[in-house]
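Please have your viewer ready.

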Amino acid sequence: MDLSVVVPLFNEEESVGVLYESVRSVIDDLETEAEMIFIDDGSSDLTYTKASQIAERDRRLRVVKFRRNYGQTPAMAAGIDLAAGAIIVTMDGDLQNDPRDIPEFLEKIDEGFDIVVGWRFNRQDKLVSRKIPSRIANWIIGKVTGVPIKDNGCSLKAYRADVIKHVPLYSDMHRFIPAMASIAGARIAEIKVRHHARKFGESKYGLSRVYKVLLDLLTIKTIATFSARPLKWFAMLSAPFLLLSTVMIVWALTGLITYGDLSLPVAGTAVLLGALGIFLLFSGGLAELISSTGTFEVDRMPLLTAEELALSDRNRPEIDNAVEES
Amino acid sequence: MAQDVELSAIVPVCDLKEEQGELALEYLDVLRALGKNFELVFVLDGEHQKLRSHLERLAASEPEVRIIQLTRRFGEATALTAGLEHTTGDIVLTLPAYDQVEGGEIPRLVESMEKFDVAVGRRQRKGTEGHSGGFRRKAFHGLVAFVTGHRYRDLGCGMRALRRSVTDEIPMYGDLYRFIALLAARRGFRVVELDVTESSASHHGGYSARVYLARLLDILSIVFLVRFTKKPLRFFGMVGGVTFSVGSIFLFIVVVQRLFFDVALADRPALLLSSLLVVLGLQLFALGLLGELIIFTHARDMKEYTIDKIVN
């Protein structure tokens with residue numbers, strides 16, 4: 001399988017037929033073996049029924065039905081987990097993305113990029129409620145992660161499967177996939193894509209408030225920086241407290257020796273800060289344990305992309321195994 | 001049994017005040033009337049000499065009756081888990097080991113399995129419970145509804161019907177089995193509460209206050225499971241942040257007073273209290289980071305979603 005097109009759907013009964021036709025016409029023209037994966041994210045309408053009717057006629061379409069609504073990121077994660085293609089393309093199910101852009105994404109991947117991100121350069125959405133918050137969020141995400149992408153929120157993206165399958169995806173993380181993947185040294189390209197005004201219904205996945213994105217961003221940034229060497233990070237965090245505590249203890253003891261009078265507040269605070277420092281240090285030890293038992297090791301992420309140059313395309317699955325077994 | 005078992009009824013026998021052997025006969029009659037292949041499994045949690053010999057005699061003539069003996073007392077959750085491990089039926093029925101619900105309600109629970117994945121009984125009280133018992137029960141369920149957003153009215157009812165897929169997916173450690181309806185609903189299973197008639201022999205006067213205290217701790221673990229397992233730092237960070245800020249402000253005031261207004265620190269507990277808050281805040285934050293790290297490094301194993309069906 002060469003290509004998997006992953007589309008999360010949530011209450012898109014009007015769109016699903018048109019969507020299928022437009023994706024199908026694109027992959028029919030490609031000279032590659034392709035599959036479509038539609039994920040019904042717990043829709044309350046006929047999305048699943050309609051999609052599964054199409055799937056009966058076309059074996060290339062897989063339909064996954066969630067037991068309830070989980071949100072866009074879990075839906076994409078499910079599609080990515082199930083995808084068999086070497087290249088995975090994700091897109092929105094609301095017809096705002098245009099499948100005719102897919103060939104361009106594939107070209108970019110062929111050029112050697114690991115992730116190709118769409119940029120909705122003439123975005124057809126409301127200015128105040130969607131475009132401006134998104135501008136701000138994108139700017140901040142770019143500054144914090146150091147991956148300046150103009151449009152993190154665009155769902156139309158293409159990934160090399162062996163890279164994306166190793167990026168942790170949970171909660172609202174799909175926005176940060178490029179940033180996460182850049183830890184792995186992924187080569188990221190951004191191309192302009194068409195964007196259509198919404199034809200049917202209202203926006204299903206509401207705009208997450210910017211502050212939530214920022215909190216997630218902060219978390220990811222912190223985790224991504226320290227998860228490779230947590231003990232070091234925690235040790236650095238504890239250093240000022242331990243230092244301050246030592247200084248204060250020395251001060252208190254000096255007072256005791258010279259004047260025969262122990263300053264209780266100073267000594268008490270010193271002991272407290274010392275305890276905090278030691279707590280943080282041991283937290284680092286615990287973090288090290290967690291990191292080493294986890295299946296996602298930031299350390300090993302760069303191997304996914306680093307060794308690619310040395311190996312031909314046919315050998316790539318071996319890298320895959322090497323990471324999974326470790 | 002030659003044919004596959006369709007229905008597994010599990011009776012966890014835990015601390016019984018009196019051993020009620022005749023209940024087995026009642027259950028047996030009701031289950032047999034359903035016309036399904038069933039098994040009735042008694043899990044004896046601890047020694048129940050009288051009941052055991054009674055059941056053994058029964059099992060000799062009734063092939064559907066099975067007995068599982070735990071080596072010592074482990075609690076109801078373990079008894080249920082052991083029962084689940086030893087049974088194969090697609091529909092799992094848990095039944096109380098004492099007179100709690102009329103056995104005649106079983107068919108309705110089993111029938112509802114055609115439309116739902118989980119059916120829990122809701123006892124219609126007959127005024128046997130005391131005033132305070134009723135109040136505690138209401139307060140408990142109100143609290144559960146408040147913190148989890150799921151309203152149930154009788155989580156303590158021992159009669160439940162579940163699909164095997166539910167019990168396979170939801171861990172039942174600790175006392176979480178009580179909340180299985182709630183946990184299942186969160187996973188997207190279809191859950192229904194059915195009104196059931198309380199057994200006429202039931203002389204159950206509500207739980208003691210001590211039991212409710214244990215339940216409160218259960219709620220706490222449910223809250224953590226339900227709300228903060230995906231984003232631990234959001235919760236820990238918030239609590240830690242507030243603690244840290246309060247401590248910092250306090251500390252700042254104390255230090256300013258010492259430096260510029262010459263208020264002596266020595267006889268002020270305020271300094272110790274405020275630095276304690278700062279320390280606590282940071283510790284909570286560090287714990288949140290650890291939690292986040294656990295999620296981050298295990299996100300690939302922990303499926304956030306549950307798949308109902310896949311076509312093709």
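The paragraphs below start with some conventions and then turn to the structure itself.

This is a predicted model, in which local features need pLDDT of at least 70 and side-chain atom pairs count only at pLDDT 80 or more, while totals for chains, interfaces and linings use all residues. Residues are numbered from 1 along each chain as its sequence is written, chains are lettered from A and ligands numbered from 1 in the order in which they are written, and side-chain values use heavy atoms, with hydrogens and water left out.

Let us begin with helix 4 of chain A, residues 102-110. Helices here are DSSP runs of H or I with at least four residues, strands are runs of E with at least two, and both are numbered from the N terminus. The buried residues of this helix are A:Ile102, A:Phe105, A:Leu106 and A:Ile109. These residues sit on the same side of helix 4 of chain A because they cover an arc of only 100° around the axis, taken from the directions from the helix axis to the C-beta atoms. On the other side, A:Glu107 and A:Asp110 are exposed. (Buried means under 20% relative accessible area, exposed over 50%, and partly exposed in between, with a 1.4 Å probe and protein chains only.) The buried residues of helix 4 pack against several elements of chain A, including helix 1 (15-29), strand 1 (3-9) and strand 5 (115-120). Just after helix 4 of chain A, A:Gly112 has a positive phi of about 115°.

Next come the nonpolar cores, each a set of buried Ala, Val, Leu, Ile, Met, Phe, Trp, Tyr and Cys residues joined through side-chain atoms within 4.5 Å. Which residues touch the most other members of the largest core? Among its 58 residues, they are A:Phe66 and A:Phe234. Helix 10 (residues 264-293) of chain A gives the most to this core, with nine residues. Apart from it lies another core of 39 residues, among them B:Val41 and B:Leu155.

Helix 10 of chain A also holds A:Ser283, which counts as buried because its relative accessibility is 4%. Leaving aside neighbours within four places in sequence, A:Ser283 is in contact (heavy atoms within 4.5 Å) with A:Phe234, B:Ala286 and B:Leu290.

Finally, look at chain B, which has ten helices and eight strands. Buried residues make up 51% of its 312 residues. Among contacts in chain B between residues at least 6 apart in sequence, 80% join residues at least 24 apart.
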